[in-house]
Each structure stands twice: as structure tokens, then as C-alpha cells.
Amino acid sequence: MIISMKRHATREEIDEVRARVEHFGYKVHSIEGEERVVIGVVGVGDVAACLESIEAMPQVEKVVRISAPYKFVSKEFRKQKTRIRANGIEIGGDEFVVMAGPCSVESEKQIMQAAEGVAKAGAKMLRGGAFKPRTSPYDFQGMEEEGLKLLRKAKDVTGLAVITEVMTDRDVDLVAKYADVMQVGARNMQNFMLLKALGKCGRPVLLKRGLSSTVKELLMSAEYITAHGNPDVILCERGIRTFETATRNTCDISAIPVLHELTHLPVILDPSHATGKRSLVPAVSRAGVAIGADGLIVEVHPAPEKAISDGAQSLDLAQFEKMMRDLQPYVALWNESRKTQALAAAH
Ligand code: PEP
Ligand code: MN
């Protein structure tokens, strides 16, 4: 249930509504806009009685029952798109944002070359894993804190914001010291202890869709982070597991408009993990721009043939630069379409 307060309701009036809701055994969570406060109601209780009682309060404008199992991330809760700021960049706003960099941080030379190259080509954020979730326990597991320090160094030199993966709730504080955006990998989409801890991390979170997860499950995981106090969640389609073996995963491109219909959160596309093949990355990226994703996260390595992880799907710096150039006309159309959507929303 979502309660919209009347414009300019006073603090006392808001508190009175909150108290009445809590009296019915529910928990409340409010989002305070400039003119209006919206109160989300979650938990188990007598919905009909609560709804009737709240509707009768004079300071309440409207009460809406939300049918979806996810509340705070649903479109019913918030109509306008959520814009997420990280190190001066806005995701979900008026600009198409590209995040790029290697799968793993491997050395100072590698991450500095990658950072300088992707910045020059127009990326706004540097990706790179310092903690790596690997299918085999014998594969490279990441440079851990040393890798985080190298990411910081690359940020200091290039000005790029940093996005990097956090794998356990125990590492949240450590990773938050270095990252502008905390990445939750596909394998951890339902690590609920991690999601709860990220609710309190004070940084935006990029939540990747699980290998075999539905859109609804992805939204329920986003709801965990939001319900625990952090509304800044970016969703990421990165391909799902199907019977198809021609690609590493199957890119569920329609999940992007599906998510835009269901949630106000920004949605980006990872064409690298979605395909597993460098040659397919530019085409799938174009599809991502055309279908209205809010951005891309792309694997780029200065020498993909030497990459410790995911070399086959990584672009080299020249390929990335070319891809960014080739995307420009698509991004220009994207900009036009965002302006049209903004005008339509204002009417
Ligand atoms: C990654 O971004 O390198 C990664 C491990 O991705 P995913 O969690 O989508 O497999
Ligand atoms: Mn990878």
C-alpha cells in the first residue's frame, strides 16, 4: 500500500499517518519529495481496515494498494524515473552512460592502460573486479584490496568513477571505501545477507540479473536493497541461461522495456557477459541503445589475448573506441527519444 500525502503536509501530519499505519502492525518507509511525501506500507496486517482508516485522514491525498510483490521499486510507488548520482555522473537521467574496463584488475599497468583508453573513448565509469566469483576454485580469484587500491589510483588519474564487485556482506565496508558503485554479480543476486548489507552501504548498487532468474526475482532482490534503506539501485540485464550454446548466455533484450514498464529504477545492459563473444558486442550494444537501456557495462582489456578472465568477450581499446564512435548516431536518437518522453511526462 502506498500513501500520497497532500502537498505541503506538515511534519506532525505525516507522523500522525505513520503512527496510525504502525498501529495496524505495518512498517512504513517514506520518500520525501520537494512538494509531497509518499509513504510506503509493508508487512502483514488487516489491509482493508488500515486502508479505510488512512483514507479518512484529511491530510492524505490518495491511498493505492500495490498488487506487485515488490513495492518500493514498482512504478506504482514512483512514476518518475529514479536518477542515480555517482561521482558527478547521473544514471537513469538525460545521458546514456557507458561503463567499461577489464573483467578483473590484474596489474597496475593493465588497469591504468584500460582506464586511460576507455576514458579517451568516452566511457564515464571504470569497471574491474577485485573480488572475482569464478566457477572453478582453481581460477584467479582477484587481487582483493590491492586491486581496489589500483582502481582508486586509476580514478585519481582519469577522473572516472569506479564500479567494482562485492561478493560478501563482510566486504561491504571495505569495497565501499573505494567504489562509487557497488556491483552485485549474477551469482550473488539472491545472496540476501549481501543485499541487506548493501541497504546500508551509502553507495549506489548495480544489481545483475541471476543466471536463471526471472524479471520478478530480479525486482524482488532490488526490493531487498531498497527496503533496507538504499533506494539507489541500477538493474543490469547480462543474459540468461537457455538451451542455446552459440552464445555464452542468451541476451534477454526485451527484459529492458519489460523492466522499464514495471520499475522506476534505471536499467543497463552488459553485452559482454550476455554474448561471451567479442564480435557480437557492438551489435548487441546498438540494440541496447535502441531499445532504451540507460547505459552499458562493457568488458575492455588492453590485451584481451592475455586477459586472466573473460578475454574472449573483451574488446581491445581500438575496438572499444570504434564501437563508441559507431554508437553515436544511435545515442543521438536515444537523446531525442528521452526529450520526447520528458515532454510527454510533463503533460
Ligand atoms: C563480471 O562483471 O565480470 C561478472 C562476473 O559478471 P556476472 O556476474 O554478470 O557474471
Ligand atoms: Mn567478466
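Biologist: Which backbone oxygen does the side chain of Ser221 reach, and at what distance?

Modeller: A polar contact is a pair of N or O atoms within 3.5 Å; within protein, one must be able to donate a hydrogen and the other to accept it, and residues adjacent in sequence count only if both atoms are side-chain atoms. Here the side chain of Ser221 reaches the backbone oxygen of Met189 at 2.8 Å. This is a predicted model, in which local features need pLDDT of at least 70 and side-chain atom pairs count only at pLDDT 80 or more, while totals for chains, interfaces and linings use all residues. Residues are numbered from 1 along each chain as its sequence is written, chains are lettered from A and ligands numbered from 1 in the order in which they are written, and side-chain values use heavy atoms, with hydrogens and water left out.

Biologist: Where is Ser221 placed, and is Ser221 buried or exposed?

Modeller: Helices (H or I, at least four residues) and strands (E, at least two) are DSSP runs, numbered from the N terminus, and Ser221 has its place in helix α7. Buried means under 20% relative accessible area, exposed over 50% and partly exposed in between, with a 1.4 Å probe and protein chains only. Ser221 is buried because its relative accessible area is 1%. With contact meaning heavy atoms within 4.5 Å, and with neighbours within four places in sequence left aside, Ser221 is in contact with Met189, Gln190, Phe192, Leu195 and Leu207.

Biologist: Which residues does Ser213 contact beyond its sequence neighbours?

Modeller: Leaving aside neighbours within four places in sequence, Ser213 is in contact with Met189 and Ile240. Ser213 sits in the loop between β11 (205–208) and α7 (215–227), and a relative accessible area of 10% is why Ser213 counts as buried. Between Ser213 and Asn230 there are 22 Å in space, C-alpha to C-alpha, for a separation of 17 residues in sequence.

Biologist: Which residues have the most contacts inside the largest nonpolar core?

Modeller: A nonpolar core is a set of buried Ala, Val, Leu, Ile, Met, Phe, Trp, Tyr and Cys residues joined through side-chain atoms within 4.5 Å. The largest one here has 69 residues, and those with the most contacts inside it are Met182, Leu198, Leu207, Leu235, Val298 and Phe320. Taking Leu198, and not counting residues up to four places away in sequence, one finds that it touches Val166, Val172, Met182, Val184, Val205, Ile225 and Asn230. A second, separate core has 18 residues, including Ala9, Val28, Val41 and Val63.

Biologist: Into which domains is the protein chain divided?

Modeller: Domain bounds come from an automatic or database domain assignment, and they divide this chain into domain 1 (2–64) and domain 2 (84–346). The centres of the two, taken over C-alpha atoms, are 36 Å apart.

Biologist: Which residues are the protein donors of the manganese ion (ligand 2)?

Modeller: Donors are N, O and S atoms within 2.8 Å of the metal (3.2 Å for Na, K and Ca), and sites may look incomplete because water is not among the atoms. In this site they are Cys103 (SG), His273 (NE2), Glu299 (OE) and Asp310 (OD), at 2.1 to 2.4 Å from the ion. Along the sequence the donor residues follow the spacing C-x169-H-x25-E-x10-D. Distant parts of the chain are linked by the pair of His273, in helix α9 (residues 271–275), and Asp310, in the loop between β14 (295–299) and α11 (317–346), which are 37 residues apart. His273 counts as buried because its relative accessibility is 8%.

Biologist: What is the phi of Asp310?

Modeller: Most residues other than glycine have a negative phi. Asp310 has a positive phi of about 55° although it is not a glycine. Glu144, in the loop between β8 (125–127) and α4 (145–158), also has a positive phi, near 55°.

Biologist: Which residues are around ligand 1?

Modeller: A residue is near a molecule if one of its heavy atoms lies within 4 Å of it. Those around ligand 1 include Cys103, Arg127, Lys132, Gln183, Lys208, His273 and Glu299. Oxygen atoms of ligand 1 lie 2.8 Å from an N or O atom in the side chain of Arg127, 3.0 Å from a polar side-chain atom of Lys132 and 2.9 Å from an N or O atom in the side chain of Lys208. Gln183 is found in strand β10 (residues 181–184), and counts as buried because its relative accessibility is 4%. Residues up to four places away in sequence not being counted, Gln183 touches Arg127 and Lys208, among others.
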